[in-house]
Amino acid sequence: AYNDPKFGDFQVAPAKPQITGPGLVFIEGGTFTMGATEETPFPEWDNQPRQVTVNSFYMDQTEVRNLDYLEYIHWLEKVYGTDYPGVVKKALPDTTVWRNKLAYNEPLVETYFRHPAYHDYPVVGVSWVQANAYASWRTDRVNEMLLIKAGYLSYNQHQKDSNSFSTEAYLAGRYKSPVVNEKGLFKKKGDTTSQRIGFGDGILLPRYRLPTEAEWEYAALGLVGNTISNRVVSRKIYPWAGTSLRNDKKDDIGRFMANFKIGSGDYMGIAGSTNDGASIPAPVMSYWPNDYGLYNMAGNVSEWVLDVYRPLSFQEESDFDPYRGSNKNGNNANAKDGDYQSTIQANWNNPSQSDLKNSTKLMYDYGVTTLINDKSRVIKGGSWADPPYYLSPGTRRFMNEDSSSATVGFRCAMTRVGSPISDKKYKK
């Protein structure tokens, strides 16, 4: 007898599908051809097509906005600003990414992040490290909200420094705030015994995070709109159908489908007919969403993903949820491509500790012949300053994880727990 204190008191939450977190869209997984969708004009061949399967997940409908990031900064200032101002400073975007010695971009340095006119524009100047920190903060705020709404937590407006809610601290019993027991999950009515919620109770959500490269590319292609009877009936080069960069619908015919650099010196078209309508990033819900309902999976800003960059990643990674980077088993950034076993060394049978520690350096001579190292992170999608080639989801580039740019933003993703099909199908 489950949930019976007189019969073992084994507490079991009712089976139910995962709720969709704020801002997210459900992405039903499946198999697809990951990699190049057209010929590359460059000598690199780092996106060789191969078939992989991506499990179902969630992804932000839009890029993270300036307004979203301002809320994050506001919270940090409120909680840490007095005693630990360095925490706030560490999170601030680098607005100097707009600065150009031979351009008059200084107004953007001063206004793009904070002026209300840019609230709905994608945040830029944020490094991979900062984007991950934002995702962790967002996880905590959403889980805090869910516990409050469910009646298991009272909102504490006076959180300060170490006594502030985080999912990890709450689960470990380190967060000191009144726990409301009026609606005990399994306790009988009137039982005021303190009860701490865990992931097994089905209330807390998995963490927000950056999407993997495979998840991002799969979501960008939106092949769900090109399938019939378990077949992909037409190939996609971009997040929309067809091979053109222009809309072919009657009411919008001829308008560009994304925000990109049209040609040398042409970022927005001609006055009176501005075409893509944006000289820099556009508001995050501009243009048309793809078949998953995601906006700007091509153009506007390029986006950080979780993966460490390697030119040969596609040849070595798993064909189920491929990913190169860190997990609970350790840092696998250089596995089979930068680890000692994949280098050609004279002392193969007797490697020194230095060789093992610096194996990536032995293969990738960072700063001399390459810019690749274990902190090189993949960025996906074209930006407002990129030519059309980068609008194809299969293209990939990289930057150091502590770097930032006026052309790079991000969006968050979340793991899907349980059934890989949609909630409507699940209930059916």
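View 1. At 14% relative accessibility, Ile 280 counts as buried, where buried means under 20% relative accessible area, exposed over 50% and partly exposed in between, using a 1.4 Å probe and protein chains only. This is a predicted model, so local features need pLDDT of at least 70 and side-chain atom pairs count only at pLDDT 80 or more, while totals for chains, interfaces and linings use all residues. Residues are numbered from 1 along each chain as its sequence is written, and side-chain values use heavy atoms, with hydrogens and water left out. You will find Ile 280 in the loop between strand 6 and strand 7. Helices (H or I, at least four residues) and strands (E, at least two) are DSSP runs, numbered from the N terminus. Apart from neighbours within four places in sequence, the contacts of Ile 280 are Trp 98, Leu 108, Tyr 112, Tyr 118, Asn 259 and Trp 384; contact means heavy atoms within 4.5 Å.

View 2. Most residues other than glycine have a negative phi. Asn 296 is not a glycine, yet its phi is positive, about 55°. Asn 296 sits in the loop between strand 6 (231–232) and strand 7, and counts as buried at 5% relative accessibility. Lys 336, also not a glycine, has a positive phi of about 65°. Its place is the loop between strand 9 (330–331) and helix 8 (353–357), where Lys 336 is exposed, with a relative accessible area of 55%.

**View 3. Helix 6, a mostly covered helix.** Helix 6 spans residues 213–221, and nine of its nine residues are buried. Among them are Glu 213, Glu 215 and Glu 217, together with Trp 216 and Tyr 218.

**View 4. The largest nonpolar core and a second one.** A nonpolar core is a set of buried Ala, Val, Leu, Ile, Met, Phe, Trp, Tyr and Cys residues joined through side-chain atoms within 4.5 Å. The largest has 45 residues, and Tyr 69, Tyr 72, Tyr 134, Leu 147, Trp 304 and Phe 410 have the most contacts inside it. At least two residues of this core come from each of strand 1 (24–27), helix 1 (66–80), helix 2 (85–91), helix 4 (128–150), helix 5 (167–171) and strand 7 (302–308). A second, separate core has 24 residues, including Ile 27, Val 54, Ala 220 and Leu 221. In soluble globular proteins, nonpolar side chains tend to be buried together.

**View 5. Arg 416, a buried residue in a loop.** Look for Arg 416 in the loop between strand 13 (413–415) and helix 10 (423–427). With 6% relative accessibility, Arg 416 counts as buried. Gln 159 is 257 residues away along the chain, and 30 Å separates the C-alpha atoms of Arg 416 and Gln 159.

**View 6. Stepping back to the protein chain.** The protein chain holds 10 helices and 13 strands, and 46% of its 428 residues count as buried. Along the principal axes, the C-alpha trace spans about 75 × 70 × 55 Å.
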